[in-house]
Amino acid sequence: MAKRHNSHLPLSEALNEFIKENKLQKGMDKVDAREAWNRLMGNGVNNYTTLVELKNETLFVSLSSSVLREELSLGKSKIIAMINEELGKELVKKLVLR
């Protein structure tokens, strides 16, 4: 159990401290990567997206359209850069479209 601090902390700092102490950052990164994909790709791509999962710096995206998969595969490096920029850190190093 963490020690109670008597000083006043902003809620964001308290949550960040909680995440750090309980080693929850990997789970938060997975959620953040999924949300970043949804925000950046828009409704057109999200309608064909069935699964977005982050494992060991690799973002796995399952798509129900083979045509869309081919189109997105041409711009993998740009998509990785956009997602990392959205997240504010170098979290995704590889993108796998299935």
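Begin by selecting helix H2 (residues 25-46) together with helix H4, whose axes come within 10 Å and cross at roughly 115 degrees. The model on display is a predicted one. Two packed helices are described by the angle between their axes and the distance between the axes. The crossing in which H2 passes H4 is right-handed.

Next, display the side chains where these helices meet. On the H2 side, select Asp 32, Ala 33, Ala 36, Trp 37, Arg 39, Leu 40 and Met 41. Their counterparts in H4 are Ile 79, Met 82, Ile 83, Glu 86 and Leu 87. Colouring the contact of H2 with H4 by class shows 9 nonpolar and 3 charged residues, with no polar ones.

Now turn to the sheet. Strands of a sheet pair through backbone hydrogen bonds, either parallel or antiparallel. Here, 3 strands form an open sheet in the order S1-S2-S3, and the pairing is mixed. Select strand S1 (49-55) and strand S3 (94-97) to see the edge strands, each of which pairs on one side only. On average, neighbouring strands of this sheet are turned by 15 degrees against each other, direction ignored.

To finish, return to helix H4, now highlighting residues 76-87 against the strands. Helix H4 packs on the sheet, where H4 touches S2 and S3. The direction of H4 makes about 120 degrees with that of S3.

Note on methods: Residues numbered from 1 in each chain as written. Predicted model: local features only at pLDDT ≥ 70, side-chain atom pairs only at ≥ 80, totals over all residues. Heavy atoms only, no water. Pairing = 2+ DSSP bridges. Helix = DSSP H or I, 4+ residues; strand = E, 2+ residues; numbered from the N terminus. Axes fitted to C-alpha atoms, helices over the stretch in contact; angles between N-to-C directions. Contact = heavy atoms within 4.5 Å. Left-handed = near helix turned anticlockwise from the far one by under 90°. Nonpolar A, V, L, I, M, F, W, Y, C, P; charged D, E, K, R; others polar.
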